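Subject: Structure handover

Hi there,

Here is the structure I promised you. Please have a look, and my notes follow below.

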Amino acid sequence: MSHIWSMIAKRLALGLLTLFIVSLLIFGATELLPGDFAEEFLGQAATPETVAAIRRELGLDLPMHTRYIEWLTGVLQGDFGNSLSNRRPVIELISTRLGNTLFLALYAAAIAVPLSLMLGILAALFRNSFFDRFSNASALTSISFPEFFVAYILIFWLAGRGGMFPSMASFRGDPSMAEMLYRTFLPALTLTLVVTAHMMRMTRAAIINLLASPYIEMARLKGMKPMRVIVKHALPNALAPIINVIALNLAYLITGVVVVEVVFVFPGLGQLMVDSVAARDMPVVQAVALIFAAAYVLLNLTADVLATLSNPRLVHRR
Amino acid sequence: MTEQNNGKPVLLTMKGLRIEGRSDETWSEIVHGIDLTLHKGEVLGLIGESGAGKSTVGLAAMGFTRDGCRISGGEIVFDGIDLMKASEATKRNLRGKRIAYVAQSAAASFNPAHKLMDQYCEAPVQHGVMGRNEAEGDAVDLYRRMQLPDPDNIGFRYPHQVSGGQLQRAMTAMAMACRPDLIIFDEPTTALDVTTQIEVLAAIRNIVEQFDTAAIYITHDLAVVAQMADRIKVLLKGDEVEEADTRSMLSTPKEDYTKSLWAVRSHARAEQPPVAADKTPVVSVKNITAGYGAVDVLMNVNFDIHERRTVAVVGESGSGKSTTARVITGLLPPRQGEILFDGKVLPPDYRRRTRDQLRQAQMIYQMADTALNPKLRIRELIGRPAQMYLGLQGKALTDRIRNLLDLIELEPDDYIDRLPAELSGGQKQRIGIARALAAEPKFIICDEVTSALDQLVAEGILKLLDKLQTEFDLAYMFITHDLATVKAIADEVVVMKEGRVIEQGPKSEMFRPPHDPYTELLLSSVPEMDPDWLTDLLRERESG
Amino acid sequence: MGFLTGLFWFVAVIAACMAAGWLFRTIAIAVTPKGVKKELRTAPLTASFGMMVIIIYIIVAVFAPLIAPFPERMVVGPEYMPWDETHLLGTDNLGRDMLSRLIFGARNTVGIAFATTALAFLIGSILGLLAATVGGWLDQALSRMVDVLMAIPALIFSLLLLTIFGTSVITLIIVIAVIDSTRVFRLARSVALNIVVMDYIEAAKLRGEGLWRLITREILPNAMAPLVAEFGLRFCFVFLAISALSFLGLGLQPPMADWGSMVKENATLIAFGDITPLLPAVAIALLTVSVNFVVDWQLHRASGLKE
């Protein structure tokens, strides 16, 4: 078993390295700022003093490596610097919003993952049936819809005049869990619809890909029931691709969350990022991008490790 | 039809079986009305070339068709149960329990995600034949009877941890799990080396006899079926050619097609005079040691190939024969040693060789499917070397292409603008030969060029190669695992095992004792047409 | 709206689409040359419908100024006018003609998405094929670089880059194209890797063929089918990404007519039960669905799957 741990350790190290390079990249982005960024940012308020202040804020007056090390040590201690637009520490802006975004993403994932796995398996089992064709066509259709379209359709349908759900997912104070679930139902449903189709299609494809393999034919020739053939014989071998699909879609939730938060005016990181990009508030954009990227890297890393563990060829060597 | 029941009751009958296959949205018949009767405890050999429909018929005996196939007519009755009318559940209950299946590639047919034992126990437990504990004990017993090493523990390994020959035996044991009345063996030894094949054949025959199981044994190899079957049925393109009991089928085949199958191994290259001792060989392999990464795959390999001579390099998988070819062509620069061409040292890496050096040594591949670019027309496939090396253009080039097509016996007008997909397997291999000839080389490496082909087609290719050799004074290096091919075409033989040359010399000496023990094992393991060959051989090996 | 009425409309719309697809296929088979005919016969109704929609979009995009009743940016009346005879789809939040902006939107949004995809393909597939064919350090360097770029989610990365470079059409095209080219690189490389292990590539190398010929004559023709399918899928992704950015106010900038921003600008109407602001979104969805249907058919054919 030791080789598998060393393999996992290697993956972890590689993940950390990737994170490090990503942080370099995100930080280095400031380097690419055009020289007159401060002036452009300030517009008519640009005086030599304010320009110098902004440049100091971004540390544009120090050599790059010093600034990177300072920034990174700050980040590791939870200090992302101050927002350019309202001078508040970035960490203050982020902390509650991060929780909200995570809540929304997990909410959607909790519905989407089991649902799509089940639908994918059923579609593979009843392939070429009406159910399969219908779910395939609707999956294709919903993949093709922009998130905001899905969101607005849901609002139109479920929240419009006398609708059942609120179209705005903002909440103040400390709402109860049930209240949160109710208020964020539409955004979560939007995200679910967006990722379920893709996950289901890929699950179906991963299983069907295997159905032509000789060992599946063998299982059928041993007189096994179709459901058993899929669940016992195809599924364990399709785990690696399925895990990757799930990771890919959870990662996609991260992106999808941005648009959905804007539609539903949800106080999350995505909303914050969009506002900051519009205001060209560099420290905030950097911080949020780093968090999203870190989540993304971690997800892929987890998927990678799980996929490795699901493969007997790698776990039990000759 | 031959009725030879020895008083045993009939187990399986097929009458007028018709099966259709779908291609491009239309159905076309691939099996045109086959009749078949099998008695309890009897072994029937189904024999034919690829496309004969033997696997399709074998699977139909289980009431099963592959995706894209359907049974369109006829009758299949297994022990009184009409499989054409039976429900899916009834058929499922027969499969694995009363009719079992052993596939060609055990490595692909065992589920990689489960241990051998779990796969063994699945059928008996799911069919309610016995409990899990009982099944496990039974498995160990069968593993022992199949002479698997460490029968107590081998079941707790995953398929990838077990070798090919052992897997094939484990699969036969698995088929036996419910003590079925009938087992379908679908080319169970085709993917194995000859020395491994013997053990598997012996184990299968032994166990089928012990449990008095009826079997349908599907294969393209006549010598193999002669050892295994009581009766033989010959199929050709979905039709029955003839059927008889094994001995009379071997001694007095009635139909021309069967006779031609029997006669196939007749081609033999005329004996060549010995090469003058002072003659410079075309290719000289000197002290080659080579490998991938840190592992040496070849150790101290030496041999010469002369003009108008064929050197056959023989060995089982992993013997290093293909690696030798890679070293000669410069794809794998050796760690030690050198390759001489006409007495001059060749640069070890093909990228350092001159265009003329590249032209002089050509290669023909085993799988014509992957050796020809599927998107290029024949004109370009065989025209390119002529254009590149000899600078032919326009009409001169077209004339040369037509001339090459004539040489490989394909009608130029008909074939020059075809794509590889529009050719049969043998024709593709001929294009591979034409491409090599187009460079006007002195030396050609033939890497298992006939092993993917049916016997009759392979015979044609061998004859063609022989003819071309004489016509263009070619030197051939012939890589093969098949000793029949060696007998047919070689002047000299090099036997390789685990990266070393075990023995080498003229063909006439190689097929006469005394031998190195490995050569002996290799030679004696090649099945012969004699139905008693396996029995005799096993007795001999036991006593010796 | 009752559930049954909804269902009725849903079924009616689908039936109408399928009928249109069938009609299109019948006409197309009648007017096209022989080789194309045979291909078209294998097209399912979904794909036929898809092809029809794509052709209509192309026509609308090319002839937008001729088709649109009003200029793209002209204020022609009060804000949020309902549908009537002069303004078939009413007016938007600034009093511009909705239908005209929709038509010009086809030109802007689809045109820019197409240009971006083409650029992404040019970069991605050239580098991908090169990496797979040459191998060694070049492959390692390019692949590691792409790995790092892909470690940042696409939308987040484009937001970051757009913060830095600002939001002009050119930067938008370049930023999205570069980010998307990493995905194209991955695919092109893996497709080519499956081809370079073939014996015919070995034969070509041993023949002494140069890199250029190896890629253009031996590898590319065999990689075309998956690359073309990927082009369709990529186009959808790019198209959706640009629309999403525009929707967020960070893509194509006003007063340019663009479907994503049109939804955003008029979103307030939705809460009042007016579907006009959703029309641009429908336009987006219709095109991506159509492209997906066609790609799905082509992939199905290429894979030769019986399933």
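Helix 6 of chain A covers residues 130-144, and its 15 residues reach 21 Å from the first C-alpha to the last. That is close to the 21 Å expected at 1.5 Å a residue, where the expected span is 1.5 Å times one less than the number of residues. Helices (DSSP runs of H or I, at least four residues) and strands (E, at least two) are numbered from the N terminus. Buried residues in helix 6 of chain A are A:Ser135, A:Ala139, A:Leu140, A:Ser142 and A:Ser144; buried means 20 or more other C-beta atoms within 10 Å of the residue's own, exposed 12 or fewer, and partly exposed in between, with C-beta atoms placed from the backbone.

This is a predicted model: local features need pLDDT of at least 70 and side-chain atom pairs count only at pLDDT 80 or more, while totals for chains, interfaces and linings use all residues. Residues are numbered from 1 along each chain as its sequence is written, and chains are lettered from A and ligands numbered from 1 in the order in which they are written.

On to chains B and C. Eleven residues of chain C are in contact (C-beta atoms, placed from the backbone, within 7 Å) with 18 residues of chain B. Helix 9 (199-207) and helix 10 (211-247) of chain C each supply at least two residues of that side of chain C, and the largest share, five residues, comes from helix 9.

Lastly, B:Val275 is in the loop between helix 10 (256-263) and strand 11 (283-292) of chain B. B:Val275 counts as partly exposed because it has 16 C-beta neighbours inside 10 Å. Beyond its neighbours within four places in sequence, B:Val275 is in contact with B:His306 and B:Arg309.

Best wishes

Methods:
Contact = placed C-beta atoms within 7 Å.
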